[in-house]
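Student: I have a model open and would like to learn how to read what lies inside it. Can we go through it feature by feature?

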Amino acid sequence: MQRATTISTAKARGFRGDLVRWCAGLLMGTVLVGITSPLMVRSYVPRKFDAERNALVFEGGHRYRWRSEGYATTSIGPHGMAGRLSLVRPSAERRVIALWGDSQAEGMCVDDSDKIHSAIEDASLQKIAVLPFARSGDDCNDWIRQIESIDSGQSAITVDAHLILVVEWSDWMIPIEDPRESVNPLVNQASGHLPAFLIQAARNVITDGILNERRSLRFRPGPISSDLHLSAPRQTDGVGMIKRQFARLRLATEKRCVLVNAPMMPAIVGGEVLWADEQERLHELVFQLAIKNGIEVIDLREDFRELVRDGQWPRGFHNGRFGDGHYNALGNAWIANRVVAWWDQKGNQAKTKSTNLVSGQ
């Protein structure tokens with residue numbers, strides 16, 4: 001009996017010891033991940049609604065850490081501007097341009113000094129100031145809505161022209177709608193107070209990392225009975241959509257509008273360089289539509305081909321793959337140089353609908 005009691009006591013002590021070691025390991029592991037997470041995990045910044053842009057933007061005064069492709073940290077300025085800490089107004093000595101686009105124009109993958117807006121200002125010797133309003137995931141419905149809000153006369157933001165970086169024409173081939181933006185206050189509060197690695201861990205559990213949709217968690221054995229029914233994609237008139245969206249843009253503002261055509265070509269596909277996409281004819285059609293609507297175009301297709309022929313890739317980072325992903329510092333600088341060269345040549349000319357509006361062909 002005494003021996004059985006001794007064995008039972010030893011087992012209990014062993015269990016308590018294992019539990020203590022497990023808890024200690026969990027605590028130490030969490031602390032280690034928390035300390036090293038800035039090297040590997042992006043940060044989360046609270047958002048707020050900006051009435052002048054009519055959009056949700058990052059709160060100013062924060063620093064946004066990006067850890068995918070390029071490793072960079074971005075300072076957030078007023079009106080959610082990524083990498084610019086103050087507004088500037090047009091003057092006789094300096095023109096002010098608003099920069100629109102998606103994550104390629106937002107430039108979270110590169111340092112503030114290497115972003116497109118900074119590169120344009122440097123290349124122009126500060127004769128051009130750029131207000132970076134690009135946001136990851138935006139499309140033409142977002143750009144047109146914000147441009148209309150800024151140029152309505154009710155905003156303190158004043159610009160001479162609007163520069164829109166176009167990487168994919170599919171961003172213009174979408175139905176006309178007015179997106180309603182909202183932010184979950186709990187998520188916003190968590191972004192401002194919780195460590196980024198905890199938020200990321202929760203996102204990995206709750207949402208799918210590829211589709212960014214809510215996961216369907218199951219806690220039962222056996223196969224999954226899928227309720228997912230994939231419908232055939234809708235057939236849309238892409239060129240017709242672009243035509244209607246261009247007309248909307250011209251109605252939204254009387255300011256100069258310039259499209260920078262910077263497609264993700266050349267690219268490395270299957271170990272070989274792909275020099276052009278399947279939309280070469282589409283580019284020419286879109287340029288003509290833009291001209292008819294008084295929208296100017298800077299075409300960078302041949303510029304990027306020349307860069308690659310010289311062994312320089314405008315996209316890709318040292319920790320990723322060249323020819324893939326977002327524009328790097330070289331790509332941003334090249335885009336900026338072409339914009340400044342175009343502006344020096346045509347920036348002070350009156351708007352016209354002649355074919356010489358398309359530059360770079």
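Student: Is strand E5, residues 95-100, largely enclosed or open?

Tutor: This is a predicted model. In E5, 5 of the 6 residues are buried, so the strand is largely enclosed by the rest of the structure.

Student: Which strand does E5 join through 5 bridges, and how do the two run?

Tutor: That is E6, residues 128-132, and the pair runs parallel. Within this pairing, Arg95 stands opposite Ile128. E5 is also joined to E7, residues 161-166, by 4 bridges, again in parallel. There Leu99 has Leu163 as its bridge partner.

Student: Which residues have the most contacts inside the largest nonpolar core?

Tutor: In soluble globular proteins, nonpolar side chains tend to be buried together. Here the largest core has 33 residues, and Ile164, Trp169, Trp172, Phe246 and Leu259 have the most contacts inside it. Elements giving two or more residues to this core include E5, E6, E7, helix H4 (140-150) and strand E8 (256-261). A second, separate core of 27 residues includes Ile120, Val258, Leu300 and Val340.

Student: What is Leu259 in contact with, beyond its neighbours within four places in sequence?

Tutor: Among its contacts are Ile164, Trp169, Trp172 and Phe246, as well as Glu296.

Student: How many disulfides are there?

Tutor: A disulfide is a covalent bond between the sulfur atoms of two cysteines. With sulfur atoms required to lie within 2.5 Å, the count is 0. Cys140 is buried at 0% relative accessibility, and Cys257 is buried with a relative accessible area of 0%.

Conventions. Residues are numbered from 1 along each chain as its sequence is written. This is a predicted model: local features need pLDDT of at least 70, side-chain atom pairs count only at pLDDT 80 or more; totals for chains, interfaces and linings use all residues. Side-chain values use heavy atoms; hydrogens and water are left out. Buried means under 20% relative accessible area, exposed over 50%, partly exposed in between (1.4 Å probe, protein chains only). Two strands pair if DSSP finds at least two bridges between them. A nonpolar core is a set of buried Ala, Val, Leu, Ile, Met, Phe, Trp, Tyr and Cys residues joined through side-chain atoms within 4.5 Å. Contact means heavy atoms within 4.5 Å.
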